[in-house]
Amino acid sequence: MSNLLKKNEFYLVIVIFALVLFLGITTDQFLDPGNLLELFTSYSFLGTMSAGMLIVLISGGIDLSFTATATISQYVMSTLIIEYGGNIFIAYLIGAGVGVGLGLVNGLLIHFIKKHPLIITIATLNIFNGLLMYFTKGKWIYNFPMWFSDPHDVMVFESAEGYIYPITLPLFLFFIIFVITALILKYTKIGRKIYALGGNKEAARRMGFNIFGLTLFVYGFMGLLAGIGSVSHALIVQTVAPNAIVGKELDVIAAVVLGGASMDGGSGTVIGTFLGVALVAIISNAVILLGIPSYWYQILLGTIIVISVSITAINNKRNMKKEAEINVA
Amino acid sequence: MSLKKTNPFSELYRKYPNFSLLIGLFLLTLILFSFMVPGKFFTLSNFSSIAFQLPELGILTIAMAITMLSGGINLSIIATANLSGIVMASIMKAMIQGQGSPVGLIITLAVLAGFGCSLLVGLANGIIIAFIGVSPILATLGTMTLVNGISILSTKGYVISGLPDGMLFIGNGSILGIPVPFVIFAVVALLVGFWLKNMPSGLSNYLIGSNETATRYSGVNTKAVIMKTHILSGLLSGVAAMIMISRFNSARAGYAESYLLVTVLASVFGGVDPSGGFGKVGGVVLSLFILQMVSSGLNLLGVSSFISVTLWGVLLIGIMIVQKYQRK
């Protein structure tokens, strides 16, 4: 039990459970499966990217350029499928390819310049975004081919009353990516090495880990998920705009941090991140369903972030004190 | 003794590698654009427009830089500036009615109230970072979101516009031909430079950036210093707000949000070590001039402003590569 109290996920589950209970009682739409599916579909692109951010934070790094990466992936993907046609699989493949490419650029620069990733990715954010705006001239894209605009449902459930509840492709991918990320982090050598790298880089280097390879993997994976998430985003909103995703980088980081990942690296879990994304999604839904003026959303979110990071810091301090005491008995 | 060693330039370079590099880049940019855009770049009107444009970003960058020197960061500077701008503008709008109002007094009060508000945000940041122990990036990410929320809630997302003439003078007027915002910027830069170099808390700010634990064990009250740094950073955001609302002739939540990461870029470009401990206000000022000259030079050449954003990123990567080889 005392172990459970230390876990960030435990508090998140309680807060989410309380919110769900409250919304379930006060509104009749919230627990409707249609509402929940729609809510999670609209958050699937943010969720997809948050899995990538989780791995970056665990490795002790940070990436602020992924929103520009995502937007470039969207533009390249849309331009190519409008020009040459294709199918949904090819669309995701193009997005993922561009994303990985730009992610690897970050990985290379971070490894060779050996400066803080925060600064390097601010530089690449400027470069990527500047070039994107220059070449696209800020034009929106919405003339997608028919096959892109058709609904993409992986599974469809039908209730007894005849209501249809679809599991959309973006939502399905969001779940699959979380499962894969969890498997990578928990059961592969590379995943365990990423934790070690974030915990203590110098120790990881002396263990003989291939730091260069790990860095490339981490930022390449972030790019991959930015690319996939961006195609999901285009699929959901059916428009590509230069400023639809850029500027949201701190929202994604906030969701991951709410999920208990540490900025110092070495800690963070996929379940925590999922709960962090869920919390952000539920709050935004609550504001709408309860009819609260939407101006309150930011204040609620900000308060929750401040409280959550403070609780984590206080817990960490307490643990450090405990470790400092020498127990003779 | 070879000629190279007696060369005063190489002596200077050896002593201040980063500063000389920036001076060199500064002169290079100046000369390059003067030749590329003859009769337009090296003119009083161009320098005057640079002097009007630079202070907003400049003061915000100094607000960012001092927190970075202590090994932290302050993501809430833009949000703080917007909130304190909204406070200033709403007080002016509410209190100035008709001809009889004491405009000068009201402007002073409004600006002071705005400063007070920005100081409070800095105080909150300081408490969360120094006493609760939250890492600066997370603490200020939280306060940024919260403060933005307060701004949006209090204005309902609307713009507050139409400020009194006296207020507009702060952002658009000149004294003896020197733009007022530039005078404010120069005073801020000198004062912050003096604080960092000559005051105990300013020096401790560097020490904390190098090694916080060692600084604490050598008897420095690190918590008090971090508080001071963040209060000052908040206050500077308020000063930037004063210029910002005056230049826009309005206040709103969400103005200048794209400046946030640019202030980090300009700080690091000016030699501030992102992990703290090293960097000077002089370097930051030079960096601001270089970045501003690049964008106004390219603008005069008719090159898209997006290319100058790209170039800023390239310059930052470039200078980091040079710094890497300097250390060896």
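Reader: Is V225(B) buried or exposed?

Author: The model under discussion is a predicted one. Residue V225(B) has a relative accessible area of 6%. The term buried applies under 20% relative accessible area, so V225(B) counts as buried.

Reader: Which residues does V225(B) touch, not counting residues up to four places away in sequence?

Author: V225(B) itself lies in helix 12 of chain B, which covers residues 222-248. With residues up to four places away in sequence not counted, its contacts are S201(B), S204(B), N205(B), I208(B) and V220(B).

Reader: What part of the area buried between chain A and chain B do carbon and sulfur atoms give?

Author: The contact takes 38 residues from chain A and 43 residues from chain B. Together the two chains bury about 3600 Å². Of this area, the part given by carbon and sulfur atoms is 82%.

Reader: How many salt bridges does the rule find across the interface of chain A and chain B?

Author: Polar contact is found there for 3 residue pairs, both residues being at pLDDT 80 or more. On the side of chain A that touches chain B, there are 29 nonpolar, 7 polar and 2 charged residues. For salt bridges across this interface, the number found is 0.

Terms used: Residues are numbered from 1 along each chain as its sequence is written. Chains are lettered from A and ligands numbered from 1 in the order in which they are written. This is a predicted model: local features need pLDDT of at least 70, side-chain atom pairs count only at pLDDT 80 or more; totals for chains, interfaces and linings use all residues. Side-chain values use heavy atoms; hydrogens and water are left out. Contact means heavy atoms within 4.5 Å. Buried area is the accessible area (1.4 Å probe) that two parts lose on being put together, summed over both. A salt bridge is a side-chain nitrogen of Lys or Arg within 4 Å of a carboxyl oxygen of Asp or Glu. A polar contact is a pair of N or O atoms within 3.5 Å; within protein, one must be able to donate a hydrogen and the other to accept it, and residues adjacent in sequence count only if both atoms are side-chain atoms. Ala, Val, Leu, Ile, Met, Phe, Trp, Tyr, Cys and Pro count as nonpolar, Asp, Glu, Lys and Arg as charged, and the others, Gly among them, as polar. Helices (H or I, at least four residues) and strands (E, at least two) are DSSP runs, numbered from the N terminus. Buried means under 20% relative accessible area, exposed over 50%, partly exposed in between (1.4 Å probe, protein chains only).
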